[in-house]
Amino acid sequence: MSPTPETPDSQAPERPLAEINADIRGLFARAEGRLSDAERVRHAALLEEWAAAIKASVVPAA
């Protein structure tokens, strides 16, 4: 039995990769490269969002 394919909605990123990347760059620019504890938490969340968007953008091979 083949696995059940995921629905397109579950794979669609919430935001475009470029937007997430801009947020990450902006975070470091505002912090001048030194993140506070709160900024580290935000950075970790952005990285998770970015990774999920990358994973969603991968097209499986046929």
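Biologist: So, which residues are buried in α3?
Modeller: In α3, the buried ones are H43, L46 and A53. They cover an arc of only 85 degrees around the axis, so they sit on the same side of α3. Keep in mind that this is a predicted model.

Biologist: And what covers the buried residues of α3?
Modeller: The cover includes α2, which is residues 17–31.

Biologist: Which exposed residues does the face turned away from the buried side of α3 carry?
Modeller: That face has D37, R40, V41, E48 and K55, and they are exposed.

Biologist: What does H43 touch, not counting residues up to four places away in sequence?
Modeller: H43 touches I24, L27, F28 and L35. H43 itself lies in helix α3.

Biologist: How does the span of α3 fit with its number of residues?
Modeller: The helix has 21 residues, and at 1.5 Å a residue they should span 30 Å. The C-alpha atoms at the ends of α3 are 30 Å apart, so that agrees. If you try the sum yourself, the expected span is 1.5 Å times one less than the number of residues.

Biologist: Okay, zooming out. How many helices and strands does the protein have?
Modeller: There are three helices and zero strands. Going along the sequence, the pattern reads α-α-α.

Biologist: How much of the protein is buried?
Modeller: Buried residues are 16% of the 62 residues.

Biologist: What about the accessible surface, how much is there and what share belongs to carbon and sulfur atoms?
Modeller: The accessible surface of the protein is about 5,200 Å², and 58% of that belongs to carbon and sulfur atoms.

Biologist: Where does V58 lie?
Modeller: V58 is in the segment after α3, and α3 runs 37–57.

Biologist: Is V58 buried or exposed?
Modeller: V58 is exposed, because its relative accessible area is 54% and exposed means over 50%.

Biologist: Last one: of the contacts between residues at least 6 apart in sequence, what share joins residues at least 24 apart?
Modeller: That share is 52%.

Terms used: Residues numbered from 1 in each chain as written. Predicted model: local features only at pLDDT ≥ 70, side-chain atom pairs only at ≥ 80, totals over all residues. Heavy atoms only, no water. Helix = DSSP H or I, 4+ residues; strand = E, 2+ residues; numbered from the N terminus. Buried < 20%, exposed > 50% of the residue type's maximum accessible area, 1.4 Å probe, protein only. Contact = heavy atoms within 4.5 Å. Areas by Shrake-Rupley, 256 points an atom, 1.4 Å probe, with all protein chains shown as cover. Arc of directions from axis to C-beta.
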